[in-house]
Amino acid sequence: MTVQGDSRRYGVDETRAFAQALFRAAGLDEDKARTVGEILLEADLMGHATHGLALAPAYLDAAASGALLGSGEPDVVADRGACITWRGKRLPGPWLTAKAVDLALDRVQTYGTVTVAISDSHHIGALAAYLTRATDRGCLAMIASSMPSLAGVAPYGGTQAVFTPNPIAAGIPTEGDPILLDISASITTINMTRQLVKAGQVFPQAWAMDAQGNPSTDPQVALSQGGTLLPVGGLDHGHKGYGWALLVEALSTLSGFGRADQPAGTCVSVFIQVIDPGAFGGQADFARQMGWLADACKTNPPRPGVDRVRLPGERGLAIKRESLVQGVALSDSIMQGLSRWAQTHGVPLPQALPADD
């Protein structure tokens with residue numbers, strides 16, 4: 001793998017320290033600044049460029065305006081040991097989500113399965129960035145999120161937006177690398193749609209529909225012309241993505257707060273569940289079974305035009321291994337977005353590593 005386009009590589013430790021210092025200078029508590037910087041960088045390390053440090057300027061804007069709360073703790077709405085509910089109070093989403101995963105891991109040896117529901121969080125970034133916290137300890141983790149203050153995806157058969165892309169992620173331990181799922185109920189995401197509009201590009205297929213319900217490759221119709229993104233399956237089998245979106249809505253609003261309350265601003269609802277296979281058939285046996293399944297997929301004869309079958313998360317883990325050795329790839333546009341805030345807070349930008357000849 002190589003870095004293409006306008007990307008350059010930066011030292012991982014230096015970039016992490018820079019991001020954490022930037023959030024600290026913006027007024028986030030030390031633990032929050034540390035975690036937000038870590039989670040955003042983790043997304044970049046795994047190749048999720050749209051949900052890594054590219055999000056930092058928006059987070060910093062929100063911190064400056066007060067839309068993101070940089071200090072404090074979530075309100076504990078309920079705590080039954082294995083079932084916890086928090087009101088996030090627009091605290092940093094990466095910090096809340098990582099804190100919830102870690103709490104679940106602390107308790108899962110006692111309860112076998114631990115679930116945390118969070119309402120009123122700020123944006124949480126890439127769901128995949130949290131999964132190895134659990135899989136590294138032999139546990140399975142599931143994370144789902146929705147944004148009840150925003151709508152960009154219509155239910156199958158309809159034309160008016162009700163849902164957000166409603167991603168769900170899962171980290172599944174095996175005897176080797178974990179399987180890491182991070183998939184949305186819509187064909188693409190709102191963030192990616194914005195990136196295409198900014199770049200003057202269109203969807204490769206009809207991933208959106210206009211306000212009259214006609215398929216479209218124009219990302220602008222879903223952002224400013226009354227159209228919507230299509231659910232997974234599109235106009236043909238979109239009932240599958242529609243059902244998926246409904247499930248994520250149900251899971252992510254177990255807190256009891258959601259779309260019916262019509263919140264404004266960046267308001268995210270999150271579902272986190274950690275499962276210890278040792279509480280069921282045994283951790284080693286679970287890893288063995290999933291290892292067999294992973295091998296069966298990877299050794300499956302590929303169809304014409306495919307070099308080999310890959311597992312979800314395989315590419316991201318490979319990019320991360322490369323990034324830890326060669327440096328994290330960040331585009332010039334990401335660095336330009338960070339530069340304004342670096343100058344505002346007097347935090348030196350990391351220096352690009354020398355390019356390979």
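**Exercises: T193 and its chain**

T193 has its place in helix α6, which covers residues 190–199. Helices here are DSSP runs (H or I) of at least four residues, strands are E runs of at least two, and both are numbered from the N terminus. Residues are numbered from 1 along each chain as its sequence is written. This is a predicted model, where local features need pLDDT of at least 70, side-chain atom pairs count only at pLDDT 80 or more, and totals for chains, interfaces and linings use all residues, while side-chain values use heavy atoms, with hydrogens and water left out.

**Exercise 1.** Work out whether T193 is buried or exposed.

Step 1: T193 has 1% relative accessibility, so it counts as buried.

**Exercise 2.** Find which residues T193 is in contact with, leaving aside neighbours within four places in sequence.

Step 1: Look for heavy atoms within 4.5 Å, since that's what contact means.
Step 2: Once those neighbours are set aside, you're left with T188, F203, P219, L223 and L229.

**Exercise 3.** Now zoom out: how compact is the chain?

Step 1: Count the elements: there are 11 helices and 12 strands.
Step 2: The radius of gyration is 20 Å, close to the 21 Å from the globule rule for 357 residues, so the chain is as compact as a globular protein of that length. (The radius is taken over C-alpha atoms, and the rule is 2.2 Å times the number of residues to the power 0.38.)

Conventions:
Buried < 20%, exposed > 50% of the residue type's maximum accessible area, 1.4 Å probe, protein only.
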